[in-house]
Amino acid sequence: DDVSVFLFPADRTRWVAGARATRTMRTVRPDGQGRFSMPRMIPGEYLVIAVSETPAHAWPEAARLARAAAHATTVRVTAGQQHAVSLTPRDVR
């Protein structure tokens, strides 16, 4: 119940700009089966992580993103393609 999925640019220089761009940095809650969707992302390389019990206001702090990046899964988003990612919730406080 307390899981969110965060997707953010793999390029750390884009973290500040990404905080204002919803097509490069997203937070979603998975459905009852653990599925989630993030449509209309800008193509590129991203990090994705499922986190437990992290308040939404704590994102996108650079320090928290750095801790998350150490445990995140890298995905390459391409136009018009769907990707399946299997994630295990982490605690990155």
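User: What does Ala 72 touch, not counting residues up to four places away in sequence?

Analyst: Ala 72 touches Leu 47, Val 48 and Ile 49, where contact means heavy atoms within 4.5 Å. This is a predicted model, in which local features need pLDDT of at least 70, side-chain atom pairs count only at pLDDT 80 or more, and totals for chains, interfaces and linings use all residues. Residues are numbered from 1 along each chain as its sequence is written, and side-chain values use heavy atoms, with hydrogens and water left out.

User: Why does Ala 72 count as buried?

Analyst: Buried means under 20% relative accessible area, exposed over 50%, and partly exposed in between (1.4 Å probe, protein chains only). Ala 72 has 19% relative accessibility, so it counts as buried.

User: How do you know that the buried residues of H2 line one face of the helix?

Analyst: The buried residues of helix H2 (residues 62-69) are Arg 64, Leu 65, Ala 68 and Ala 69. Seen down the axis of H2, they fall within an arc of 140°, so they line one face. The arc is that of the directions from the helix axis to the C-beta atoms. Helices (H or I, at least four residues) and strands (E, at least two) are DSSP runs, numbered from the N terminus.

User: What makes Arg 26 a residue with no salt bridge?

Analyst: A salt bridge is a side-chain nitrogen of Lys or Arg within 4 Å of a carboxyl oxygen of Asp or Glu. For buried Arg 26, the nearest side chain of opposite charge, Asp 31, is 15 Å away. Lys and Arg count as positive and Asp and Glu as negative, while His and the chain ends are not counted. Arg 26 lies in strand S2 (residues 26-28).
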